[in-house]
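Visitor: I'd like to learn how to read helices and their contacts in a model. Could you walk me through one?

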Amino acid sequence: MDKTFAARRRRDLIIAAVLAGLAALAPLVIKDVYVQNILILTLMYAALSQSWNILSGYCGQISLGHALYFGIGAYTTELLFTKFGVLPWFGMLAGGVIAAVIAMGLGYPFFRLRGHYFVIATIVIAEIGLLLFQNWEWAGAAMGITIPVRGDSWLKFQFMRSKLPYFYFALALCSLAWFVTWWLEDSKWGFWWRAVKDNPEAAESLGVVVFNSKMGAAAVSAFLVALGGAFYAQFLAYIDPESVMGFQFSLLMALPAVLGGIGTLWGPVLGAAILIPMTELTRSYIGGSGRGVDLIVYGALIVAISLALPQGLVSLFSRSKAKGATR
Amino acid sequence: MGLLYGLIAVGLALIFGLMDVTNFAHGEFLMIAMYMSFFLFAFFAIDPLLSAPLVAAAMFVFGAVVYLLVVRFAMRAKANAGMVQIFTTFGLAILMRGLAQFFFTPDYRSIPQSFAGGKTVSVAGIFLPEPQLIGAAVSIAAFAGLYFFIHRTDFGRALEATREDPGAVALVGIDKNRVFAFGWGLGAALVGLAGAIMAVFFYIYPDVGASFALIAYVTVALGGFGSVFGAFAGGIIVGLVEATTALVLPPSLKSVGIYAVYLLVVFIRPRGLFGSM
């Protein structure tokens, strides 16, 4: 049993390395800016969903308020950059740390709540964050922040001429989130989280500190999501509260993991790889009419996948693999 | 206003609270109901307050059909049932918004004049707008009706039993799907009433539901899942808190008070005010 587990983990790592390598070579073939754009978004959503999956999938604490951490990452980076001239690289880390600290601060009261009460609390806290940012004059209020152009360099993390650097950063972020998940899966934390998810009382009685496990998951998850937020802000060069902190975003972050397979290593990547290109393509090819046909198709697809594959797309793969992935 | 929130929440309290099915499309049910009363007014000049029973009846059918066609299958999921329900109904919400945009265009619409619109009634020197008063009365009646229905009729008992243990219920000859389809229909009919009344004094557009839906979830959770009276109390509290916050903070922040009160309540009582689950 242990041997097959170890073998599976090695195989996962090799597959991931090959996929990342192939993805890194993709821009050699794909020159179209529009397609590159979709790839960047796909990688970003895969990274976000992977991070969300740590708290909500592995640890079982369903959060529909992760837009809060995304927004904090985006806003910390841009406020430091535009108001104090701090380089986005430091801002990104600062955003991650702030998000992790806030996640733990919120976790203190939140993790006493169960089920719907917890989910609604996460929605509500993100909504409070959204309203506060919408009314915070210094941070641009509802108008948001336009990020000034300071040149084309890795130092300032701004690129005008090509989208490729963003692509490689998104790939790195996605790989990081995947690797962190892979690494945690086999760590003490990973086993604790699954125990907490399956049966918190039993876990507690066996010596798992349930509360600390949840806090750890929340901090890692929030940190990674905030990095994604910082990236998104630099990528779009414009942020406003609704677009980085809205409730829709929390759902969009969770969606790839849920459709791909919640609480699994490959679920988020698989879900994002299918969902995001589909969303973007329907939006640009049939969304132009402004009559909501893209929404109809998108909504119907979500309903169809949720109903047809409640365990996510990963369950389509070999039975043993799916079984191994959920255990 | 509180009683109106209560009226939106009562339908949700039935679906979300009593049957324990997450419904993220509740706001879209409200939106559909508002459009129904708008078109009844636009084409047949039926006043929204008079067409309310018609809208409620139509919504009953709609809710039951949605349950039988979609939600029934979402509830069958063995693994992570909660997420399947959330995202199935979320997908449904997007679908309904898309359909509304397609058929009704994203334009803002409003019902210019209702026979009660614009009039005010003076109660002990305080002037109250008439539609709001009617809304409040309907809301109280709806709550009382639902409370009676859940606690005093066979159907109410069947509903609660079905949630508790669908297997055992099947043994005594109750069809789970019939009970739940009826429950969904009833929940949708209640939100239909709310929609018909709200159509009088709110703009109608495809995304209108979203803003009210979140407040409805908070209302139900604040009162506590599984309690009709809780949702009613939750609605009144939410209305009062919103009005008070609006006095202290800028109007754009008025919802912050509601959310803060929710958090405060569940930190002290993790099951909401009157919750049983």
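Predicted model: local features only at pLDDT ≥ 70, side-chain atom pairs only at ≥ 80, totals over all residues.

Visitor: Which residues of H4(A) are buried?

Guide: An α-helix has 3.6 residues a turn, so residues three or four places apart point the same way. Buried means 20 or more other C-beta atoms within 10 Å of a residue's own, with C-beta atoms placed from the backbone. In H4(A), the buried residues include A:Pro88, A:Gly91, A:Met92, A:Gly95, A:Gly96 and A:Ala99. Their cover includes helices H3 (67-84), H5 (115-134) and H9 (210-236) of chain A. Helices here are DSSP runs (H or I, at least four residues), numbered from the N terminus.

Visitor: How do H3(A) and H5(A) cross?

Guide: Two packed helices are described by the angle between their axes and the distance between the axes. The axes of H3(A) and H5(A) come within 8 Å and cross at roughly 35°. Axes are lines fitted to C-alpha atoms over the stretch in contact, with angles from 0 to 180 degrees between N-to-C directions.

Visitor: How many residues of chain A are in contact with chain B?

Guide: Contact means C-beta atoms, placed from the backbone, within 7 Å. By that rule, 34 residues of chain A are in contact with 38 of chain B. H5, H11 (247-260) and H13 (293-308) of chain A each supply at least two residues to that side of chain A.

Key:
Residues numbered from 1 in each chain as written. Chains lettered and ligands numbered in written order. Buried ≥ 20, exposed ≤ 12 C-beta atoms within 10 Å, placed from the backbone. Contact = placed C-beta atoms within 7 Å.
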